[in-house]
Amino acid sequence: MGDQGYGLHPPTVQRIAEEVKSVHDMGVEICMVIGGGNIFRGLSGAAQGMERTTADYMGMLATVMNALAMQAALEELGVFTRVISAIPMDQVCEPYIRRRAVRHLEKKRVCIFAAGTGNPYFTTDTAATLRANEMACEAIFKGTKVDGVYDKDPVKHADAKRYDRVTYDEVLAQHLGVMDASAIALARDNSLPIIVFSLDEPGGFRGILAGQGTYTTVHS
């Protein structure tokens with residue numbers, strides 16, 4: 001959503017697509033999982049009195065809208081993509097079939113996984129970890145507004161300390177807020193490293209793969 005309070009900010013979508021293309025051009029196979037908080041967030045809907053299950057399904061539909069926007073931006077740059085939804089909606093995207101998704105990766109297409117896990121009460125963080133395991137990914141790259149994991153919110157606290165490396169257990173014990181607990185536990189159980197970096201840093205995604213930049217690695 002860029003600097004807006006909500007919705008889609010086309011220049012931001014374009015910038016992220018260019019970041020993804022720069023990594024795709026390196027020959028890296030990419031799976032993307034996109035949230036929907038810029039349009040609707042299930043937890044905030046539930047907090048306002050809406051039934052949690054309904055609110056979560058609305059959040060999942062929001063992720064599909066974001067995924068389609070990212071697909072359009074990537075294909076405009078000449079990167080072939082497939083939007084793959086955990087909730088079947090055949091007119092706009094493919095249903096999630098693991099072997100088909102693997103085949104897309106083999107053909108060097110970017111796979112954008114939408115609608116989370118397809119289940120309420122699970123975040124897109126958990127969906128990302130689940131899909132990363134299913135697709136045999138080597139790492140999860142979590143793009144955020146800050147350049148890593150801090151002991152407290154760096155926006156509110158000037159003395160916040162950034163970690164270069166932190167273990168899954170430390171994240172859980174200290175409630176560091178990298179991802180929700182179920183996502184961290186799933187990554188830990190499968191020894192899947194999580195790289196937390198700033199999505200606002202131009203060239204940051206490609207830079208990390210080249211061994212540069214500032215980020216935090218969550219590991220076993």
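The model is predicted: local features need pLDDT of at least 70, side-chain atom pairs count only at pLDDT 80 or more, and totals for chains, interfaces and linings use all residues. Residues are numbered from 1 along each chain as its sequence is written, and side-chain values use heavy atoms, with hydrogens and water left out.

**View 1. The two domains.** Domain 1 spans 1-137 and domain 2 spans 138-219; such bounds come from an automatic or database domain assignment. Their centres, taken over C-alpha atoms, lie 20 Å apart.

**View 2. The buried area.** About 1,600 Å² is buried between domain 1 and domain 2 (accessible area, 1.4 Å probe, that two parts lose on being put together, summed over both). Carbon and sulfur atoms give 61% of this area. In domain 1, Glu19, Asp125 and Thr129 lose the most area to domain 2, together 30% of what that side buries.

**View 3. The contacts.** In domain 1, 18 residues are in contact with 22 residues of domain 2 (heavy atoms within 4.5 Å).

**View 4. The salt bridges.** Two salt bridges are counted between domain 1 and domain 2 (a side-chain nitrogen of Lys or Arg within 4 Å of a carboxyl oxygen of Asp or Glu). Arginine 15 forms a salt bridge with aspartate 200; their closest N and O atoms are 3.4 Å apart.

**View 5. The helices of domain 1.** Helix H1 (10-24) and helix H5 (124-134) are the elements that give two or more residues to the side touching domain 2 (helices are DSSP runs of H or I, at least four residues, numbered from the N terminus). H5 gives the most, with seven residues.
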